[in-house]
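Happy to look at this one together with you.

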Amino acid sequence: MQVTRVMQAVGTGIADILFPPFCVGCDASGAWVCPSCHGSVFSLQQDVPPVPGIDRVAACVPYGHPLVQRVIKAIKYDRATCLGPTLAEWMRITRDHRTEPWPWAGASSLTIVPLPSDATRKQARGLDHTMWIAEWVQRTLLPWAPIVPALERVREVPPQARLGSDVLRHANVDGVFGLVRPLDGPVVLVDDVMTTGSTLQEAARIMRASGARPVYGFVIASGRTV
Ligand SMILES: [Zn+2]
C-alpha cells in the first residue's frame with residue numbers, strides 16, 4: 001500500500017519533503033495526527049482497572065477511540081515509525097494531567113521490560129514494535145531507567161484480539177513467555193495495548209518468579225474496542 005510506504009519512508013527523513021504528512025485520523029494535511037483529532041483523544045477520560053498480579057498499570061489513551069486504534073495498528077502492522085512523536089506527545093500530556101503519581105514514583109531503581117512481540121510476526125513486520133515503544137517510553141518518561149529484554153516468546157499464539165472470551169485469552173497466553181534474564185527490584189512491563197490484561201499478567205508472573213518486585217505495567221492504550 002502506497003500510504004504505508006510513505007509512512008515508513010518518513011522514518012528515513014526524506015519522504016516528508018516529497019509527501020507532506022496527512023492525519024491518520026481524518027486525512028487532513030499537515031500532521032500525522034492533526035490538532036483536532038489529537039484533542040478528541042484526550043477529551044475521553046479513562047481509568048485503568050486493577051489487574052491481579054500486577055502492582056499498578058498506567059495507560060495514556062483509551063483503545064476504544066478509533067484514532068488510537070489506527071495509530072497502534074499503523075505502528076504494529078505497517079511500521080509507521082513516523083508516529084513515534086505522537087506517542088511521545090500522548091505520554092507527555094498524560095504525565096502532565098495525571099491526578100496521581102506514576103505507579104513507579106518513589107522507586108530508587110526501575111528496569112523497563114518490553115513484552116516480546118511474536119517472533120514470526122515481528123520478522124514479517126521488520127519492527128520490534130514493543131522494544132521501539134519501550135525506547136520512546138525511556139526517552140520521554142524514564143531516561144534514568146535501563147531497558148532489558150528479559151522475556152522471550154517461547155510459543156506462538158493467535159493474536160489476543162481475535163479471541164472472543166476472557167477465558168480463551170487467559171488460556172491463550174499461558175506459558176507464552178520464557179525468562180531470558182532474571183531481574184530483581186522494581187520492573188515496568190511495557191506493551192502497546194491492554195485489553196483484558198491477560199498478557200501483562202502472564203509476563204508479570206514470570207518476572208515475579210524471577211525475583212522482580214514490584215512489577216508495574218505501562219501501556220499506550222487500554223480498554224476494549226467499541
Ligand atoms: Zn485529524
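Two strands pair if DSSP finds at least two bridges between them, and strands (E, at least two residues) and helices (H or I, at least four) are DSSP runs numbered from the N terminus. The model is predicted: local features need pLDDT of at least 70, side-chain atom pairs count only at pLDDT 80 or more, and totals for chains, interfaces and linings use all residues. Residues are numbered from 1 along each chain as its sequence is written.

Q: How do you know that E2 pairs with strand E5 (residues 185-194)?
A: Four bridges join E2 to E5, and at least two are needed, so the two strands pair. Thr111, for one, has Val187 in E5 as its bridge partner.

Q: What makes E1 and E2 edge strands?
A: The open sheet has four strands in the order E1-E6-E5-E2, with parallel pairing. Strand E1 (57-62) and strand E2 (111-114) each pair on one side only.

Q: How do you know that helix H9 (residues 198-210) packs on the sheet?
A: H9 touches E1, E2, E5 and E6; contact means C-beta atoms, placed from the backbone, within 7 Å. Its direction makes about 160° with that of E6, an angle between N-to-C directions on a scale from 0 to 180 degrees, with axes fitted to C-alpha atoms, for helices over the stretch in contact.

Q: Which residues does Ala203 touch?
A: Leaving out residues up to four places away in sequence, Ala203 touches Leu115, Leu151, Phe177 and Leu189.

Conventions: Two residues are in contact if their C-beta atoms, placed from the backbone, lie within 7 Å.
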